[in-house]
2 protein chains.
Amino acid sequence: MAVYTEVSDVELEAFLADYGLGRLLSYKGIAEGVENSNFLLHVEAGLFILTLYEKRVAASDLPFFLTLMEHLAARGLPCPQPVKTQNGVTLGKLAGRPAAIVTFLEGVSSRRPSPPQCAALGLALGQLHRAGADFDLVRPNALSLESWPSLFGTAKERAREVQAGLASFIADELAFLAIAWPRDLPRGTIHADLFPDNVLFLGDEVSGLIDFYFACTDFLAYDLAVCLNSWCFEPDLSFNVTKGMALIDSYQRMRKLTKAEIEALPVLARGSALRFALTRLVDWLNVPPGALVKPKDPLDYIKRLRFHQRCKSARDLGLRDPGREL
Amino acid sequence: MAVYTEVSDVELEAFLADYGLGRLLSYKGIAEGVENSNFLLHVEAGLFILTLYEKRVAASDLPFFLTLMEHLAARGLPCPQPVKTQNGVTLGKLAGRPAAIVTFLEGVSSRRPSPPQCAALGLALGQLHRAGADFDLVRPNALSLESWPSLFGTAKERAREVQAGLASFIADELAFLAIAWPRDLPRGTIHADLFPDNVLFLGDEVSGLIDFYFACTDFLAYDLAVCLNSWCFEPDLSFNVTKGMALIDSYQRMRKLTKAEIEALPVLARGSALRFALTRLVDWLNVPPGALVKPKDPLDYIKRLRFHQRCKSARDLGLRDPGREL
C-alpha cells in the first residue's frame with residue numbers, strides 16, 4: 001500500500017499546468033511501491049504515473065534515478081520515462097514532496113512466474129545491463145556488504161523473537177561473507193530490486209521494468225543473484241532449477257558471465273538472500289502503529305539463504321556447464 | 001486506503017474470461033472507498049473498476065446496490081454501470097470474495113467544493129432522487145435513528161477519551177432526536193453517503209456519482225442533509241450559507257421540497273451530523289493494529305452538530321423563503 005501523502009485536485013491542477021499534458025481527467029492513488037506515494041493520472045495525453053517521493057528516499061538520489069530511467073528508455077528499455085515540464089524539468093514539488101511524472105506502462109506482474117517468464121526476465125536483465133553500460137552517474141549500493149553489520153546491529157537483540165538461534169545464524173553468515181564476498185567483478189548500473197512485482201508482462205513478453213528506486217552501481221552479477229532469489233523459488237521455498245536455468249541462459253544471450261562471476265554466483269546469492277532477510281527483519285521488528293504496509297516474513301529469505309549454503313556451484317542454480325564459456 | 005485482498009494475475013485472468021472485455025493490459029489496486037478492495041482495470045475494452053466486497057458489506061445487500069446502479073445508469077445518471085458476463089451475470093466471485101466489474105468514470109473529486117460545484121451537486125442529487133423514484137427494491141437504512149443508540153452504546157464508556165462531556169452531549173442529542181425525528185416525509189432511494197469523495201467533476205460539471213454501498217430507502221430530504229453537512233462547511237467548520245443556498249436551490253430545480261421537508265431540514269441535519277459523528281467515534285476508538293485506514297476525527301461532526309443545534313430554520317442552512325413553495 002502506498003499513498004502516504006494526499007494530493008488535492010487544486011494542488012494537482014496547479015502542478016500539471018507546467019506540463020503540456022492537457023486537462024486532468026482523473027487520478028487515483030495506487031497500491032504500488034512501498035517507499036513512495038503513487039497515483040495513476042489520466043490526462044488528455046493519456047495515462048501517466050505521478051510519484052511523490054517520501055522520506056525514505058533521499059532527495060539527493062532522485063536525479064540519479066530519473067536520469068537513469070531517461071537513459072534506459074532512450075536505449076529502448078521498457079522502463080518508465082520521466083516526463084518533462086515545458087521548461088525541460090523532470091523533478092518538481094507537490095504537496096510538500098519532491099514529485100515527478102513518468103510514462104505509464106501496460107502489463108501485469110506475475111505472482112508466480114513461469115519458466116518462459118524467467119527466460120524473458122533474463123533477456124530484459126541482460127538488456128538493462130548493456131543499456132546501462134554507458135551511464136555515467138554513480139550511486140553506491142547503500143544495501144550491500146558494508147551496510148549489513150550495522151543493519152543487523154539494529155535487529156540483533158530481538159532476532160530471537162522471530163526464530164530461536166537466528167542472531168547467531170546471521171552473525172556466522174556475516175563473518176563468512178566478509179571473507180568470501182568478491183572484490184573484483186564487472187560493475188555497472190544495476191536495478192538491485194528486480195522482484196516479480198517490478199516486472200510487467202503482456203503474456204510472456206516483458207512490457208515494463210519499474211521501480212528504479214534502489215538502482216545503484218554494483219556488481220552486475222549481484223542483480224542476477226537478486227533475480228534468482230526472487231523469481232526461481234516456489235511458494236514452498238524449494239528452488240526450481242528449471243527456472244534458474246531459463247533465467248541464466250537468457251541472461252547470457254545478452255551478456256556472457258565471466259568465469260569469476262560464475263564462481264562468485266553462489267556467494268552473491270547468499271549475500272542477496274541475507275540483504276533481503278535483514279531489511280525484512282528490521283521492518284518486521286519495527287512496524288509502526290498505524291502502518292500502511294504489512295511487513296514481509298524475513299524467514300522466507302533465511303530459508304533461501306539456507307538453500308544457497310548447501311550449493312556447491314552455480315550449476316546448482318541452473319548454470320549449464322559452469323566454468324566453461326557458453 | 002483500500003486494498004484488503006490481493007488478486008493474482010492468474011486468478012484475475014480466469015475471472016475475466018467470463019466477460020467479453022478482451023485481454024488484460026494492467027490492473028492497479030486503488031485507494032478508493034473504505035469498505036471494499038478496488039482495482040483499476042485496463043482491458044482492451046477500456047478502463048473499468050473491479051470491486052471485491054469485503055466483510056463489512058453484507059453479501060445479501062449486493063443485488064440491491066448493483067441493480068440500483070444499473071437502474072440509475074439506464075436513466076442517464078453518471079453512475080458506475082455493472083458489467084455483465086457473457087451469461088448476463090453482474091456478481092461473481094474472485095479471491096474468495098464476491099466481486100463485480102463496473103464502468104470507470106472520468107473526473108476528479110473536489111477537495112474543497114466551490115459554490116458552483118455545490119450547485120451542480122444539488123442538480124445531480126435531485127436527478128438521482130427522480131431517477132430512483134421507480135426503483136422497486138427496498139433496503140432499510142441500517143444507520144438511521146433506530147441504530148444510533150446501540151452504536152452509541154459501543155462507544156459510550158470511552159467517549160471521554162475523545163472529549164470531556166462527549167457522552168452526555170450525545171445522550172442528550174439522542175433523546176432530542178428520538179422525539180423530534182420526522183415520522184412521515186417523502187421516501188425513496190437515497191445515496192446516504194454523497195460526500196465530496198464520491199462525486200467526480202470535470203470542471204464544474206458532475207461527471208460521476210460513485211460508491212453506492214450505503215444506498216438505502218429513507219427520507220429523500222435526509223440525503224440533502226448529508227450533503228449540507230459534507231459539502232457546505234469550510235475547513236474551519238464554519239457553515240458557508242452561499243454553498244448551502246447553491247445546493248438547496250439547485251436541488252429544488254429538480255425536485256421541490258415539501259413544506260414538511262423544509263420544516264424538518266434542521267432536525268435531519270442534526271441527525272445526519274450525529275450519524276457520522278457516531279460511526280467515526282466507534283472507528284476512532286477501535287483502530288485495529290495494522291489498520292490500513294486512518295480514522296477520521298469524530299469531533300468534526302460534533303462541531304457541525306453544534307452548529308445545527310443553533311439553527312432556527314432551514315433558512316439558516318441556505319433555503320430561500322422557507323415555508324413558501326418556490
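Mentor: Strand β3 (residues 46-52) of chain A and strand β5 (residues 97-103) of chain A run antiparallel and are joined by 5 bridges. Strands here are DSSP runs of E with at least two residues, helices are runs of H or I with at least four residues, and both are numbered from the N terminus. Two strands count as paired if DSSP finds at least two bridges between them. Within this pair, L50(A) has I101(A) in β5(A) as its bridge partner.

This is a predicted model, in which local features need pLDDT of at least 70 and side-chain atom pairs count only at pLDDT 80 or more, while totals for chains, interfaces and linings use all residues. Residues are numbered from 1 along each chain as its sequence is written, and chains are lettered from A and ligands numbered from 1 in the order in which they are written.

β5(A) also pairs with strand β4 (residues 92-94) of chain A, in the antiparallel sense and over 3 bridges. Here L94(A) stands opposite R97(A) of β5(A). The hairpin of β4(A) and β5(A) has 2 residues between the strands, and A95(A) in this hairpin takes a positive phi near 50°. Most residues other than glycine have a negative phi.

The corresponding loop in chain B, between β4 (92-94) and β5 (97-103), holds A95(B). A95(B) is not a glycine, yet its phi is positive, at about 50°. With 14 C-beta neighbours inside 10 Å, A95(B) counts as partly exposed. The cut-offs are these: a residue is buried if 20 or more other C-beta atoms lie within 10 Å of its own, exposed if 12 or fewer do, and partly exposed in between, with C-beta atoms placed from the backbone.

A192(A) also has a positive phi without being glycine, near 75°. A192(A) belongs to the loop between β6 (187-190) and β7 (199-202) of chain A. A192(A) has 22 C-beta neighbours inside 10 Å and therefore counts as buried.

Now for the surroundings of the strands. Chain A is assigned domain 1 (9-103) and domain 2 (115-317), with bounds that come from an automatic or database domain assignment. The centres of the two domains, taken over C-alpha atoms, are 27 Å apart. Between them, 17 residues of domain 1 of chain A are in contact with 18 residues of domain 2 of chain A; contact means that the C-beta atoms of two residues, placed from the backbone, lie within 7 Å. The side of domain 1 that touches domain 2 in chain A has 11 nonpolar, 3 polar and 3 charged residues. In this scheme Ala, Val, Leu, Ile, Met, Phe, Trp, Tyr, Cys and Pro are nonpolar, Asp, Glu, Lys and Arg are charged, and the others, Gly among them, are polar.

Chain A also meets chain B, with 26 residues of chain A in contact with 26 residues of chain B. On the side of chain A that touches chain B, α1 (9-16), β1 (24-30) and β2 (37-43) each supply at least two residues. β1(A) gives the most to that side, 7 residues.

How are the two chains related? A rotation of 180° with 0.0 Å of shift along its axis superposes chain A on chain B, with an RMSD of 0.0 Å, and this is the relation of a two-fold axis. In chain A, I30(A) has the C-alpha nearest the axis, 2.2 Å from it. The superposition is by least squares on the C-alpha atoms of residues with pLDDT of at least 70 in both copies. The copies meet through the same surface, because 100% of the interface residues of chain A are also interface residues in chain B.

As a whole, chain A has 9 helices and 9 strands. Its radius of gyration is 20 Å, close to the 20 Å that the globule rule gives for 326 residues, so chain A is as compact as a globular protein of that length. That radius is taken over C-alpha atoms, and the rule is 2.2 Å times the number of residues to the power 0.38. Of the 326 residues in chain A, 43% are buried.
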